[in-house]
Amino acid sequence: MRTEAMAPENYRNISKLATRLGKFPLTKKSSLRLLDDSEETLTLLVNDIDNANELITMEFYIWDVGGKADDVSAALIRAARRGVQCYVLVDAIGSSRFLSSDWARMFRYEGIHLESALPVSLFSALLCRADIRLHRKIAVIDQKIAYSGSLNMADPHYFKRNANVGQWVDAMVRAKGEIVSSLYHLIHFDWKVLTDSEIIFPEFKNSAVVEFDMPDQATVMIVPSGPGTTNDANQRLIIEAIHQAKKSIEIVSPYFIPGEALALALQNAALKGVQVTLILPRKSDSIMVNYAAQRYFDELLKSGVHIKLYEKGMLHTKSVTIDGELSLFGTVNMDMRSMHLNYELMLLVFDEGFRSEERRVGKECRSRWSPYQKVSTLNASYAQFSSEINLYQWYKRSIFVRMKEGASYLLSPLL
């Protein structure tokens, strides 16, 4: 039986807003293990799949081919062969390479229920919005363990190697407890609404015993968004979180085209004395997005916002942290597409067990972040490998660069 959970008193309003926007309850008997290493995440996922007994459900924007993504695909086939029911939902455009691969054919041959969300054809493109995509990333194993975050089903050693942006850097959570039910019901909803499948999706089995890891306990809820939900749910919740900040705001995003309302909220927070930090990738897989983002930098820097550019690859994590206490973590980019179009997912975490710790690893005795770290500690690890933009130096950029920023900004609603 689910116990009634309450947010900390100073965050009751944002919790109420999130409940009304996302229609999912706040949970207290949940545990979150934060994973900042994609290889470790995929290895843990393979292990959980190999230990599954009854049911595996997964949905991803991109399911790629190659490396450890193939290990996950092979683990699913092994599970299906031993009688585990497997349901996989992928975006029709984001996963088009996988859907036309031998892996997809093997999935169907082995009895894995594979469906594509929001399929697009020349005819359907005339009748519907082909630019609206399923951008969520979720896996639920035996209705007891769940994964969600920014990592697509892709091995960063293989994914977009020709984009010249370095290795992709992501973060996920491995969740247990009451929050698993919310994530499972969201996949169930997407299966029914975003596909034409006639396959009956299994109902969630309610259990009186909720299994979760006490050391990692967190008060958390999911906030899904997309067509059919409250208009601009992501933007509403993020702006409200920014308004609530008293000391600090940290935002990590691979794509930053915030729009005027969100940009103004960040400027106001900085002008009030809140320390506002943006951590963005130095190189993006979209040059136009980079230039469109830079169009906002002048006013943000003048207002006192710190902008740091990550140097060690394509930073793909998406998170907002308020005063080191409240975290918004998941699939939402700071751009128009995530804010207003796509089917997205944020975890709203009131940080109890999402805490930090350092440990020594190997003969090099180098410090490494524990899987139980806070999102704010994860952000600090990104900041260590980032360079901050200096306002005086920024003003010295060429007229040619400014022209490219302006042109990209004009096209930003399409990016």
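Predicted model: local features only at pLDDT ≥ 70, side-chain atom pairs only at ≥ 80, totals over all residues.

Biologist: What volume does the largest cavity have?
Modeller: About 60 Å³.

Biologist: And which residues line the largest cavity?
Modeller: Leu 151, Asn 152, Ala 154, Pro 156, Phe 159, Trp 168, Asp 170 and His 316. That lining divides into five nonpolar residues, two polar and one charged.

Biologist: OK, next one. How much space lies in the second largest cavity?
Modeller: About 50 Å³. Its lining includes Ile 238, Lys 318, Phe 329 and Met 346.

Biologist: Which elements give two or more residues to the lining of the second largest cavity?
Modeller: Strand 14 (319-322) and strand 15 (326-330). Strand 15 gives the most, with three residues.

Biologist: How do the residues of that lining divide?
Modeller: Seven are nonpolar, three are polar and one is charged.

Biologist: Switching topic: how many residues has the largest nonpolar core?
Modeller: It has 60. Ile 238, from the lining of the second largest cavity, is also among the residues with the most contacts inside this core. Phe 256 is another of them.

Biologist: What is Phe 256 in contact with, leaving aside its neighbours within four places in sequence?
Modeller: Quite a list, including Leu 266, Leu 278, Val 289, Phe 297 and Met 334.

Biologist: And the second core, which residues does that include?
Modeller: That one is separate and has 42 residues, among them Ile 187, Trp 191, Val 375 and Tyr 382.

Note on methods
Residues numbered from 1 in each chain as written. Heavy atoms only, no water. 1 Å grid on protein atoms, 1.4 Å probe; cavity = no way out; pocket = protein on both sides within 12 Å on 5 of 7 lines; lining within 4 Å. Points joined across faces, edges and corners; volume = space filled by probe spheres on them. Nonpolar A, V, L, I, M, F, W, Y, C, P; charged D, E, K, R; others polar. Helix = DSSP H or I, 4+ residues; strand = E, 2+ residues; numbered from the N terminus. Core = buried A, V, L, I, M, F, W, Y, C linked by side-chain atoms within 4.5 Å. Buried < 20%, exposed > 50% of the residue type's maximum accessible area, 1.4 Å probe, protein only. Contact = heavy atoms within 4.5 Å.
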